[in-house]
Amino acid sequence: MRPARMSHAAPADATATATPDSAPGFSRRGVLATLAGAGAATLLGATTGTAHADGGDVTVSLTARPSAEAERLRLGQALRATEFQPTGQYVPADTALRLDVLPYDDVLPTLWIGQWDYYGKVAEPRKYALKPGSNTVTDPHGGPVYFSLEGNGERAGVRLKSGSTPMAVFALGKTSEAEYQRQLDAYTDVPVVELHGPRTIMTLTRDGALLYRDQDHAALLRLVEEIIDAESAISGLDSSKPVHRPKAGGYHFTEVSVVPSGVGAFATHGYNGFPRAYLDRATTVDLLRTRGWGLYHELGHLHQQMAYKPTGLTEVTVNIYSLAVQRALGERSNLLTTIDSKTGLNPFQSSRPKLGTAGLNYERSFGAYEKLVPLRQLELAFGDDFWPRMHKLVREENPQSDYTETDKRYRALSTYASRVSGYDLTDFFIRDWAFPIDATGRAEIAALNLPKPPVDPATLSD
């Protein structure tokens with residue numbers, strides 16, 4: 001994971017002009033008549049607006065969702081995920097995109113053009129505010145076309161009149177493999193390809209997509225959806241209350257042009273980034289299932305809750321989700337298969353002799369996978385629903401903290417874990433694993449007046 005990056009999108013008036021064809025406030029009847037008269041490829045009534053045309057107009061229907069930031073706050077997460085609704089269209093650089101905005105529920109969409117590429121020359125898509133009626137937008141870099149529409153189920157339509165061209169897109173349940181392969185062969189001048197699932201946008205360069213074009217892309221997207229399901233489940237996103245609804249919209253996985261040395265992939269606001277070298281494990285069915293830990297891990301960053309994620313645990317609590325995916329897919333845990341080459345021990349075995357020893361320090365005394373062991377032990381001791389219950393309690397109480405409050409977030413981990421388990425876990429966190437829980441944290445647990453656990457969680461292993 002890389003540090004959270006805030007959006008620095010170009011202002012709408014930098015390269016866009018918007019001229020209403022008539023006064024604001026389109027009626028639904030008027031919009032439908034306009035669409036019918038245009039003879040466009042219409043998707044009104046669809047949940048997401050993805051349309052293709054080999055020429056002429058394309059009309060996209062949009063359904064409003066809470067913003068990505070509103071969802072981040074509701075879920076108590078550290079990073080916000082995507083709010084993009086894809087179109088399957090691409091705009092070349094410095095090309096005028098002419099479009100009509102048809103808001104029939106009094107909400108206006110936002111246009112986004114471009115690709116995410118944190119370390120690249122152009123780091124993020126550009127954002128353009130739109131007006132009812134006719135708009136013309138000229139983007140200096142070009143790229144895929146997306147919309148976002150903020151609200152709660154309201155509808156809007158956008159007619160792309162000229163300037164865009166279709167990308168090769170495989171949409172789960174809509175595109176046959178033969179049709180997708182035809183598109184790959186036909187749209188040779190469009191450098192971007194996308195795969196769309198109900199909650200998946202996967203944006204690839206054409207060259208990256210061609211490397212593994214022989215895959216069963218329906219099976220691939222079903223697998224990605226299964227991975228998202230597993231991470232939603234361990235997060236307690238079961239819709240039992242409104243606050244526990246899964247995130248509105250989907251997740252964006254994108255091929256990036258460059259990563260720093262030593263970085264295999266990354267997560268930041270809005271998306272997960274994967275370099276070309278990682279695409280075999282992200283876009284082939286067998287390797288995503290058996291060696292896809294990196295994708296599970298980066299997607300996990302988009303589920304991490306802020307309240308109990310001090311900086312020292314950023315790369316640790318994220319693997320709660322990675323382990324959950326392995327279990328859901330029936331794959332053997334990395335905590336059992338990661339073996340120290342010198343000792344022949346797995347992380348459960350190698351960490352056990354260290355517990356409770358003099359001078360022990362959780363952040364400095366354990367390896368990356370050893371640090372994950374106590375988080376798994378909480379499940380082994382208190383049930384597979386431990387982390388879903390933890391996520392739910394944190395969402396319902398929504399405690400606030402920022403990146404500077406390391407002590408507070410370590411305290412939250414131990415106190416919330418004790419509350420969820422129903423046991424005083426002071427010995428587990430402090431005596432056994434030497435988590436840096438301060439005196440305030442110890443007092444918080446003591447004030448709960450909970451019994452000691454009947455079994456020491458630190459003795460448990462898979």
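Reader: How far apart are the end C-alpha atoms of α16, and what should its residues span?

Author: In this predicted model, α16 runs over residues 406-421. At 1.5 Å a residue, its 16 residues should span 22 Å. That agrees with the separation of the end C-alpha atoms, which is 23 Å.

Reader: Is α16 mostly covered or exposed, and how many of its residues are buried?

Author: Buried here means under 20% relative accessible area. Among the α16 residues that pass are R409, Y410, L413 and V420. They pack against α13, α14, α15, α17 and α18. So by that cut-off α16 is mostly covered, and the buried count is 12 of 16.

Reader: How do α16 and α18 lie relative to each other?

Author: Their axes sit 9 Å apart. The packing angle is about 10°, and angles under 35 degrees count as roughly parallel. The two helices are therefore roughly parallel.

Reader: Which stretch has a pLDDT below 50?

Author: The chain averages a pLDDT of 89, with 88% of the residues scoring at least 70. The stretch below 50 has 125 contacts beyond near neighbours in sequence, and it covers residues 2-55.

Definitions and conventions. Residues numbered from 1 in each chain as written. Predicted model: local features only at pLDDT ≥ 70, side-chain atom pairs only at ≥ 80, totals over all residues. Heavy atoms only, no water. pLDDT = per-residue confidence, 0-100. Contact = heavy atoms within 4.5 Å. Axes fitted to C-alpha atoms, helices over the stretch in contact; angles between N-to-C directions. Helix = DSSP H or I, 4+ residues; strand = E, 2+ residues; numbered from the N terminus. Parallel < 35°, antiparallel > 145°, perpendicular 65-115°, else oblique. Expected span 1.5 Å × (residues − 1). Buried < 20%, exposed > 50% of the residue type's maximum accessible area, 1.4 Å probe, protein only.
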